[in-house]
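This report describes how the chains of one assembly are arranged and how they meet. The sequence and structure are shown first.

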Amino acid sequence: VLYVLDLVGVAVFSISGALAAGRKQMDLFGVIVLALVTAVGGGTLRDLILDAGPVFWVEKPIYLVVGAGAALLTVAVRRRLRRMRGVLLIADALGMSLFAVLGAVKATEIGISPVIAVVLGCMSGVAGGAVRDVLSNEIPLIFRREIYATAALASAGGFVLASGLGLGPGAAIGLGFIVGLALRLTAIRMKLELPVFVVDDD
Amino acid sequence: VLYVLDLVGVAVFSISGALAAGRKQMDLFGVIVLALVTAVGGGTLRDLILDAGPVFWVEKPIYLVVGAGAALLTVAVRRRLRRMRGVLLIADALGMSLFAVLGAVKATEIGISPVIAVVLGCMSGVAGGAVRDVLSNEIPLIFRREIYATAALASAGGFVLASGLGLGPGAAIGLGFIVGLALRLTAIRMKLELPVFVVDDD
Amino acid sequence: VLYVLDLVGVAVFSISGALAAGRKQMDLFGVIVLALVTAVGGGTLRDLILDAGPVFWVEKPIYLVVGAGAALLTVAVRRRLRRMRGVLLIADALGMSLFAVLGAVKATEIGISPVIAVVLGCMSGVAGGAVRDVLSNEIPLIFRREIYATAALASAGGFVLASGLGLGPGAAIGLGFIVGLALRLTAIRMKLELPVFVVDDD
């Protein structure tokens, strides 16, 4: 089940990357690269930092295949996607929560301390989108108001906390996933935002 | 021969990085850094992802020395470079095809699957230029219309395919190199472009 | 002593990241991420390239804790910081010199050649600030005129040279630190700049 959800997350993130590429009028290659970077960027950064062998997609090309397929599909059916904005937003929330939890799981499995497992989990959920924005020459969306990264933090933190309190892996994963997802969906529905820090040099 | 070509590729990519730095009026340090990032960025990313020891230039400082030398030379003779635009474009095509093939070779040597070897080869050929553009605060050129990354893909894919069909390493390298180079030079000459994906949110 | 100075360096760099986030009106999460990236980005890149185990902060979460604390403090006392600009500039020079020397020390300890130890030391001192600027959608400051990266180069180079000439580690570290710091402070005071390279395509 986790594996299927993981691939769904890759597909959804890939669609968001492909749409960002379309907004900048990139060519087909750019669309695929931006889609893949968005989909696997967070996990790639996590694996580079953990330094525990080649990054995950090197041994499982299926991730790139699914991501590239989703990008091409996006180009093919773009008109229909416009009407699916709500569905995409929910799917994105699913992908983000799942990536954050699974990132924390992977870090914990190789004996990383809880604080860092939370940081790396959150990174797995949001860094792909940040790299997408940098490559599109934009300030990363996750640094601006919306409660997005905070939800990733809640997912990773929920899992680590639940594990620490003695829950089994399945229950802890489920709990982290639900907490982050619920926070993100609530934030979308209620337009919740984090306070902004303003420095103006005069 | 490969080794010499590899250093020529580094020098050419370094020149393109130095010129990009000059367009943004960077200082001498910026010129050298942007030149080196362009020259060794693709291979560095490949090595980080493969996680097979320190990146290549850590053990062979000659790459950085050649790159920095080419950057300083660019500053010294910039007027003359203007008349050499055609030569530089061809040299850049040579470097890109070579880096892509050699990237795929390196990935194959450590037992990476064919699909990923093609991806990493393509990355070796084009990622340096992408990082150059991000550091110059531009959307990477390789994401826009021109057939550039596609040629890198052809080089890496040509090598992997030829190897798979039983050609010896020398012949497979030569074939991949020629295929990508020919595609890139044809694209330059005939102004071939990939189709663009446009999303406009209204 | 080095350890304490190292944490001071993290705190100072973190403040500069938090202020940059405030200038782009990021939210609290963005402030903390940009602060941490600035503070540990250089050392992270160094460790990724050296490929000698997980990056330093994975095993020492204290770095992230100090960095996040400094970021939150920056938000809390921002008005007071305005009057401390001079102090911050000096503290930043301290952090940069120290990170550059310690980066070279770490590279030397695992048997890296002198040229590359200088490159990696310089990178440890300045790359965090470069990533901060890329994430803020700006061309990295270190590529523009001011003598900053050159001072990092002097710190790392001073240490490597002094070690090569037979000085003990303590003396070599002190010398590299002083040389880079003195160059940076002189540059600030005398407004020293590197020459700029200008390419205009007409």
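## Basis and conventions

Contact is taken to mean heavy atoms within 4.5 Å. The model is predicted: local features need pLDDT of at least 70 and side-chain atom pairs count only at pLDDT 80 or more, while totals for chains, interfaces and linings use all residues. Residues are numbered from 1 along each chain as its sequence is written, chains are lettered from A and ligands numbered from 1 in the order in which they are written, and side-chain values use heavy atoms, with hydrogens and water left out.

With neighbours within four places in sequence left aside, B:Trp57 is in contact with B:Val40, B:Thr44, B:Tyr63 and B:Leu64 of chain B, and with C:Ile49, C:Ile116, C:Val119, C:Leu120 and C:Met123 of chain C.

A nonpolar core is a set of buried Ala, Val, Leu, Ile, Met, Phe, Trp, Tyr and Cys residues joined through side-chain atoms within 4.5 Å. Buried denotes under 20% relative accessible area, exposed over 50%, and partly exposed in between (1.4 Å probe, protein chains only). The largest nonpolar core has 223 residues, and the members that touch the most others are A:Trp57, B:Trp57 and C:Trp57.

## Symmetry and the interface of chains A and C

Chain A is superposed on chain C by a rotation of 120° with 0.0 Å of shift along its axis, at an RMSD of 0.0 Å. The two copies are thus related as by a three-fold rotation axis. The superposition is by least squares on the C-alpha atoms of residues with pLDDT of at least 70 in both copies. Because only 12% of the interface residues of chain A are also interface residues in chain C, the copies meet through different surfaces.

In this interface, 32 residues of chain A are in contact with 34 residues of chain C. The two chains bury about 2800 Å² between them, 66% of it on carbon and sulfur atoms; buried area is the accessible area (1.4 Å probe) that two parts lose on being put together, summed over both. A:Ile49, A:Phe143 and A:Phe197 supply 29% of the area that chain A buries against chain C, more than any other three residues.

The side of chain A that touches chain C draws at least two residues from each of helix 2 (28-50) and helix 7 (114-135) of chain A. Helix 7 of chain A gives the largest share of that side, seven residues. Helices (H or I, at least four residues) are DSSP runs, numbered from the N terminus.

## Salt bridges within the chains

Over all chains, the structure holds twelve salt bridges. In chain A, A:Asp47 is bridged to A:Arg46, with the closest N and O atoms 2.9 Å apart, and both residues are buried. In chain B, B:Asp47 and B:Arg46 meet in a salt bridge (2.9 Å, N to O); both of these are likewise buried.

C:Lys24 and C:Glu138 also form a salt bridge (2.7 Å, N to O). This pair links distant parts of the chain, 114 residues apart: C:Lys24 is in the loop between helix 1 (2-23) and helix 2 (28-50) of chain C, and C:Glu138 in the loop between helix 7 (114-135) and helix 8 (149-164). C:Glu138 counts as partly exposed because its relative accessibility is 38%.

Conventions:
A salt bridge is a side-chain nitrogen of Lys or Arg within 4 Å of a carboxyl oxygen of Asp or Glu.
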